[in-house]
Amino acid sequence: MRKSTLSLAAISALAAPGVALAQEAAAPAAVPTDSVFILNSLLFLIGGFLVFWMAAGFAMLEAGLVRSKNVTMQLTKNVALFSLAAIFYYLIGYNLMYPLGTWSIDGVLSGVWGPGVLEAVGITAEQADDYSYASTGSDFFFQLMFCATTASIVSGTLAERIKLWPFLIFTIVLTAVIYPLQASWKWGGGFLDEMGFLDFAGSTVVHSVGGWAALTGALILGPRLGKYKGDKTIPMPGSNLALATLGTFILWLGWFGFNGGSQLAMGSVGDVADVSRIFANTNAAAAGGAVAALLLTQLLFKKPDLTMVLNGALAGLVSITAEPLTPSLGMSTLIGAVGGVIVVFVVPMLDKMKIDDVVGAIPVHLVAGIWGTLAVVLTNPDASLITQLTGIVVVALFVVIASAVVWLILRAVTGIRVDEEDEINGLDMAELGMEAYPEFSPS
Amino acid sequence: MKMIIATIKPFKLEEVREALTSIGVSGLMVTEIKGFGAQAGHTEIYRGAEYEVNFVPKVRLDLVVPSSLADQVVDTITQTARTGKIGDGKIFVLDVAQAVRVRTGETNHDAL
């Protein structure tokens, strides 16, 4: 649900102010008042900086799961991709994603081009772009963070062997065009939204998009040197599990903003109660995913695997993201638990297929994202399996094809992989000339 | 002069150091190493992939002492570093041709 739909409901409420509150059949949106505008904006601002904090989570998780010789590079990629996302979402992405009814191809391609523009300094209620909704700045800020999150997903999978600048060029295309365009089909009020496809906070729109881009990249880039020898998979343990765990908890915290903020309103009793449900359900799903992975790794591998438990919690979070409002706490836990199970099976499966995903982003974001999108039908009567599947497939086709085109062009023009010696010595020294742990001798 | 090279289990280092200094050893070099002997490696599993850990962490001691002290050093290390389980380590004794103290230029026994 987005701005365009809410405005219509608000206008009809305004037209008969005395009746609106009593009208059961009217839109559940609160009667527009200063307080509602302020509280909605507040939700976006707080939710927004919580999702921003997920960038720290990704950075720490990835830094902890790569080897010491590649840590500086991974951190550099994370800071750079976030900053580029901020710039290009502002320049192109925001208006591409939210045409607010002005389409050049109806429901498919926005007709609004150019940088996003916020409301002027010191507006009054009459001057607000959408008084029934929230300040444009808070909306832009919140949505920008989702775009940046999508970009972060890709960096983990492709770690330890990709060149910095081609990766960042891909990020620019992802954040300026690929993400906003497919997001406009759902959250911008486009054709997926019109057909009834449901994705509350982005299991498909954010997580599977990042996942597909990552998978496509992994296939075109190839696995790390020495990762697969014949049928054997050679483990390359991460350098710092304390950072990986910290990163996971940071992501978990940020997710309350990610899912909670996606209620898009907090100015009524119903809305704030809904946001409360969302926080609680989100947490339950993470817990379910972590415990499922804990139990399963104990059973299958005779010992729990912390990195899989961390992935499990995140997969739980992704699983609930498509519908964090309607399930009960118990159901949320189970939906998250399935995410945890997915991780434990998909990680070795990818290795068997010789697809090298350094941090497990593909099971966590892509596969759990698909599961989460389908799981909506379990608790939301407005969802239909066919519609959910259609949304999943449409986004999949678009992102895979668009990503593949960009990766292949980059591979042909600049090359995307560092050369062998650089990969062996580590990207930190080869590409950056800067070690993350210079006092320790190189491994 | 004799050089004694010993590998011991890392947690035994403090005990061995204390015992050696109490019998008159005035200097010691310590390195962290990996090694294997009778104590073979084991199998671990990381994200579903099994791998062999062939080496075990050990501590290596290098010390040079007057020949008259050598036997006592060997016995001291043996007694303090022993746990009775495999992987306790090994000791080697070598002859030393020359020794020099960098600060003063003293040689051989005066350098120890």
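Guide: In this predicted model, the contact draws 12 residues from chain A and six residues from chain B. On the side of chain A that touches chain B, helix H11 (306–321) and helix H12 (329–352) each contribute at least two residues. H12(A) provides the largest share of that side, namely three residues. Sorted by class, the side of chain A that touches chain B consists of seven nonpolar, two polar and three charged residues.

The chain that carries this surface may now be considered as a whole. Chain A comprises 16 helices and four strands. UniProt, in an unreviewed entry, assigns residues 44–437 of chain A to the feature "domain: Ammonium transporter AmtB-like".

As to overall form, the C-alpha atoms of chain A occupy a box of roughly 75 × 45 × 40 Å along the principal axes. The radius of gyration of chain A is 22 Å, which agrees with the value near 22 Å for a compact globule, because that is what 443 residues would give. Of the 443 residues of chain A, 55% are classed as buried. Among the contacts in chain A with a separation of 6 or more, 78% join residues 24 or more positions apart.

Key:
Residues numbered from 1 in each chain as written. Chains lettered and ligands numbered in written order. Predicted model: local features only at pLDDT ≥ 70, side-chain atom pairs only at ≥ 80, totals over all residues. Contact = placed C-beta atoms within 7 Å. Nonpolar A, V, L, I, M, F, W, Y, C, P; charged D, E, K, R; others polar. UniProt positions renumbered as here; feature names shortened; annotations may be inferred. Rg over C-alpha atoms; globule rule 2.2 N^0.38 Å. Buried ≥ 20, exposed ≤ 12 C-beta atoms within 10 Å, placed from the backbone.
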